[in-house]
Amino acid sequence: EVLGVAPAVWLAHWERDPRAAVRAWCEQHDHWIAEMLVALGPLADRPVPVHDLHAHATPASMHELALVLSEQPQFARRPRWAGRCADTGPWNRLHETAAGPIDTVATRLASRLAEIVRLALPDRPGRSGTGWLAQGALTLGRNEGLGWVEMARGLLVHHVVLDGEGSAARVASCRVLAPTEWNFHPDGAVAALLERFPSQPTDADRRDIGVLVAAYDPCVPFEIDGARIKETSHA
């Protein structure tokens, strides 16, 4: 009912060309998600910066991430990977097989729908069902470990250090690196796109901003308000 065609057919179209799949779906189907994307107008096709976060691609890179988390306590607040901001979400899973880029507001938002379709389809290792989302864990030292999972909003990482042994052990350090910190970094993709809107947004701007933020899913309530800029009085 949502897709207008068999899920496997819709997903195959998406994997061949995400942009074309979204465009065709919006033209042929009147579901409210499609209507929302159409209402976005030019914003729907606006390219977004693409710095995919694949820190979990190899054990070596996860060891590197664990080292940074251990040595830099503030890293989780404003993380960078390979010296730059990165983003994470349904559009850049390790198992992603889309032939075309998922690099617009519309395709980023639609990638959430594509993921629901994948999770609902029968299991295919690394393609759909329970085999779609990657996860893992590493033992880094005697009382230190790191676990990660591709969850709804992107890559979630937990780094834990214990003090003591057995039942007497206590948590000495626990750092959580959530998708929000990557996607809503002050120098990240969402921040760059928000800078293009006027400081006093119109109702249409507020709608577009809301959809943009929803595409990246901050996991917290948010309000859209005009910028409050105070200038020092001068001649």
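**Ground rules**

I number residues from 1 along each chain as its sequence is written, and because this is a predicted model, local features need pLDDT of at least 70, side-chain atom pairs count only at pLDDT 80 or more, and totals for chains, interfaces and linings use all residues. Side-chain values use heavy atoms, with hydrogens and water left out.

I take helices (H or I, at least four residues) and strands (E, at least two) as DSSP runs, numbered from the N terminus.

**Entry 1**

I started with the helices. Two packed helices are described by the angle between their axes and the distance between the axes. The axes are lines fitted to C-alpha atoms, for helices over the stretch in contact, and the angles run from 0 to 180 degrees between N-to-C directions.

How do H1 and H5 pack? I found helix H1 (residues 7-16) at an angle of about 140 degrees to helix H5 (residues 105-120), with the axes 10 Å apart. That angle makes H1 oblique to H5; the scheme counts under 35 degrees as roughly parallel, over 145 as roughly antiparallel, 65 to 115 as roughly perpendicular and the rest as oblique.

I also noted that H1 passes H5 in a left-handed crossing, which is to say that the near helix is turned anticlockwise from the far one by less than a right angle.

Next I listed who touches whom, with contact meaning heavy atoms within 4.5 Å. From H1 come Pro7, Trp10, Leu11, Trp14 and Glu15, and from H5 come Thr107, Ala110, Ser111, Leu113, Ala114, Val117 and Arg118. By class, the contact of H1 with H5 has eight nonpolar, two polar and two charged residues. For these classes, Ala, Val, Leu, Ile, Met, Phe, Trp, Tyr, Cys and Pro count as nonpolar, Asp, Glu, Lys and Arg as charged, and the others, Gly among them, as polar.

**Entry 2: a closer look at Glu15**

Is Glu15 buried or exposed? I looked it up: Glu15, in helix H1, counts as buried because its relative accessibility is 12%. Buried means under 20% relative accessible area, exposed over 50%, and partly exposed in between (1.4 Å probe, protein chains only).

I then asked which residues Glu15 is in contact with, leaving aside its neighbours within four places in sequence. They are Thr97, Ala98, Ala99, Gly100, Arg118 and Arg127. I also checked Glu15 against Ala106, and the two are 91 residues apart in sequence and 15 Å apart in space, C-alpha to C-alpha.

**Entry 3: helix H2 and its two partners**

I moved on to helix H2 (residues 18-28), which packs with H5 at an angle of about 80 degrees, their axes 10 Å apart. That makes H2 roughly perpendicular to H5. Pro18, Arg19, Val22 and Trp25 of H2 meet Ala106, Thr107, Ala110 and Leu113 of H5. I sorted the residues of this contact into six nonpolar, one polar and one charged.

H2 also packs with helix H3 (residues 32-39), here at about 110 degrees with the axes 9 Å apart. That makes H2 roughly perpendicular to H3. On the H2 side I found Val22, Trp25 and Cys26, and on the H3 side Ile33, Ala34, Leu37 and Val38. The contact of H2 with H3 divides into seven nonpolar, no polar and no charged residues.

**Entry 4: the sheet**

In what order do the strands lie? I read an open sheet of four strands, S1-S2-S3-S4, with antiparallel pairing; two strands pair if DSSP finds at least two bridges between them. The edge strands, each pairing on one side only, are strand S1 (135-141) and strand S4 (170-177). The twist averages 15 degrees from one strand to the next.

Then I walked through the pairs:

- S1 and strand S2 (residues 144-151) pair over six bridges, and a hairpin joins them through two residues. Gly136 has Trp148 as its bridge partner in S2, and Thr139 has Gly145.
- Eight bridges join S2 to strand S3 (residues 154-163), again with a hairpin through two residues. Gly145 stands opposite Val160 in S3, while Val149 has Leu156 as its partner.
- S3 and S4 pair over seven bridges, and the partner of Val157 in S4 is Leu177. Their hairpin has six residues between the strands, and there Gly164 takes a positive phi near 100 degrees.
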